[in-house]
Amino acid sequence: MKLIRAKDYADLSIKAANIISSVVTLKPDCVLGLATGSSPVGAYEELVKKYQAGVLDFSRVKAVNLDEYVGLSKEHDQSYAYFMRTNLFDHINIDPANCHIPSGLTDDPEGECAAYDRLISDLGTDLQLLGIGPNGHIGFNEPDSVFLPHTHCVTLTETTINANARFFANRDEVPRRAYTMGIWGIMQAKRILMVVSGSSKAAVLKEMLTGPVDPNVPASVLQLHPDCTVIADRDALAVLDR
Ligand code: GLP
């Protein structure tokens, strides 16, 4: 695993966007695995700036997102589909038909999950962008006794509900379940790029990088990926560097 040290969130975002840009430049029809949460927002802003400056073209790029809340339509302002449109897709020239995310409203969860895995397998991700939850989750792969490989429906932990409550009017509105790409879906990507910012992630960052590979810290599985880069800012590195 490669660790890149960033000064702060702004620096981290620029570095992440530069890496993503290089993938799009080298392979204009690349497949980007994209993430939600606050961590990648700055990188998305930098990508929009590059698009607006005319240095990036997303017309042939395909996007495959990690996860979606169960029960939220793609129009709901807390859905991850809405997040991706407002933070990135609406501001660049990506074809909406090439932007994939599980449906939160499917009436056939098993079929939806199996179809998502077939899609991931057919597309093959060139770069998967990730954040990390305070409990070590990636996508919505929560701490568990095993790594679940395939796209599945997950019951969110209290830690995750609490962490994500800040995006909702109140905690009761946070959906209790989500669909998430599984560990295979993430690990099949040719390259992985994780962005980690802030002191609330400092303990779990150290655990993920230096602890055993353990499904109780889902992100620790990234130690086994042949091409994984982590960009962390000073606050996130505080425990590792102590
Ligand atoms: C959510 C997402 C994850 C994300 C995590 C961390 O739970 N499903 O993909 O990594 O939040 O979010 P943040 O970056 O806001 O800390």
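User: Which residues touch the most other members of the largest nonpolar core?
Analyst: Start with the general idea: in soluble globular proteins, nonpolar side chains tend to be buried together. A nonpolar core here is a set of buried Ala, Val, Leu, Ile, Met, Phe, Trp, Tyr and Cys residues joined through side-chain atoms within 4.5 Å. Buried means under 20% relative accessible area, with a 1.4 Å probe and protein chains only. In this case the largest core has 43 residues, and Leu32, Leu34 and Leu88 touch the most other members. This is a predicted model, where local features need pLDDT of at least 70, side-chain atom pairs count only at pLDDT 80 or more, and totals for chains, interfaces and linings use all residues. Residues are numbered from 1 along each chain as its sequence is written, and side-chain values use heavy atoms, leaving out hydrogens and water.

User: What is leucine 88 in contact with, leaving aside neighbours within four places in sequence?
Analyst: Contact means heavy atoms within 4.5 Å. On that basis, leucine 88 meets Leu34, Tyr44, Leu47, Val48 and Phe83.

User: And how do I read an aromatic pair?
Analyst: You describe it by the distance of the ring centres and the angle of the planes. Rings of Phe, Tyr and Trp (its six-membered ring) pair if their centres lie within 6.5 Å; planes under 30 degrees apart are stacked, over 60 edge-to-face, the rest tilted. Here, tyrosine 69 and tyrosine 80 are tilted, at 4.9 Å and 40 degrees. Tyrosine 80 and phenylalanine 140 sit 5.9 Å apart at 15 degrees, so that pair is stacked.

User: Is phenylalanine 140 buried or exposed?
Analyst: Buried, with a relative accessible area of 1%. Ring pairs also link Tyr69, Tyr80, Phe140 and Phe168 into a cluster.

Technical notes: Buried means under 20% relative accessible area, exposed over 50%, partly exposed in between (1.4 Å probe, protein chains only).
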